[in-house]
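Student: I have a chain open on my screen and would like to go through it with you. Could we begin with its surface?
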Amino acid sequence: MDLTRDKQCSLIKKWQSLIEARADVKTTDGYTLRMFCIAFTQKRPNQIKKTWYAQAGQIRQIRKKMVDIMTAEASKCDLKDLVAKFIPETIGKVMIQYYDIGFYNVNNPLVLIPFSYSYLSFLFF
C-alpha cells in the first residue's frame, strides 16, 4: 500500500503546501504499525491570492490533528479491520470532514501503511 512514482508526481503541484505526518499506532490485537499520511493545502473559497501556502504553525496544527485521527481510528480496531479501512480510504474521508470545518482546507489526504508479505499472507490467505 504505497504510492507509485507517477501517482506522487501527479499529486504534487506548485503554489501549495505539502504536509506529511507519521504515527506509530497499536491495534487492538497487539500489532504495532507505522502509518504515514500525506496531504496538500487547498485554495479557500473566494480566494484571490495565487498561492495557498500554510504557515509553519498551521502545518504543525494540521500534522498534530492528522496523527490524532490516525491513532484514534487505528486503536479501536484490529489489523484486519484496519486494512479494510484503507481500501475505501475511510480514514482520509474522516480527515476531510474535520478540515472542511476546521482552520485550513486540506486536499486529498492519503493514509499509507507499508506492509511486509508476511502480514499480507496472514490477512488474506
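Tutor: The chain exposes about 8,000 Å², of which carbon and sulfur atoms supply 55%; accessible areas come from the Shrake-Rupley method with a 1.4 Å probe, and for residues only the protein chains shown count as cover. This is a predicted model, in which local features need pLDDT of at least 70 and side-chain atom pairs count only at pLDDT 80 or more, while totals for chains, interfaces and linings use all residues. Residues are numbered from 1 along each chain as its sequence is written, and side-chain values use heavy atoms, with hydrogens and water left out.

Student: What share of the 125 residues is buried?
Tutor: Buried residues account for 37% of them. Buried means under 20% relative accessible area, exposed over 50%, and partly exposed in between (1.4 Å probe, protein chains only).

Student: And how many helices and strands are there?
Tutor: The chain has five helices and three strands, in the order α-β-β-α-α-α-β-α along the sequence. Helices (H or I, at least four residues) and strands (E, at least two) are DSSP runs, numbered from the N terminus.

Student: Which members of the largest nonpolar core touch the most others?
Tutor: They are M35, M66, M70, L82, I91 and V111, in a core of 22 residues. A nonpolar core is a set of buried Ala, Val, Leu, Ile, Met, Phe, Trp, Tyr and Cys residues joined through side-chain atoms within 4.5 Å. At least two residues each come from β1, β2, α2 (56–75), α3 (79–86) and β3 (106–112), and α2 gives the largest share, six residues.

Student: What is L82 in contact with?
Tutor: Neighbours within four places in sequence aside, L82 is in contact with T27, L33, A74, C77 and I91. Contact means heavy atoms within 4.5 Å.

Student: Next, E73 in helix α2. Is it buried or exposed?
Tutor: E73 is buried, at a relative accessible area of 14%. With neighbours within four places in sequence left aside, E73 is in contact with K85, I91 and V94.

Student: Where is W15 found?
Tutor: W15 is in the loop between α1 and β1. Its phi is near 70°, a positive value in a residue other than glycine. W15 counts as partly exposed, at 34% relative accessibility.
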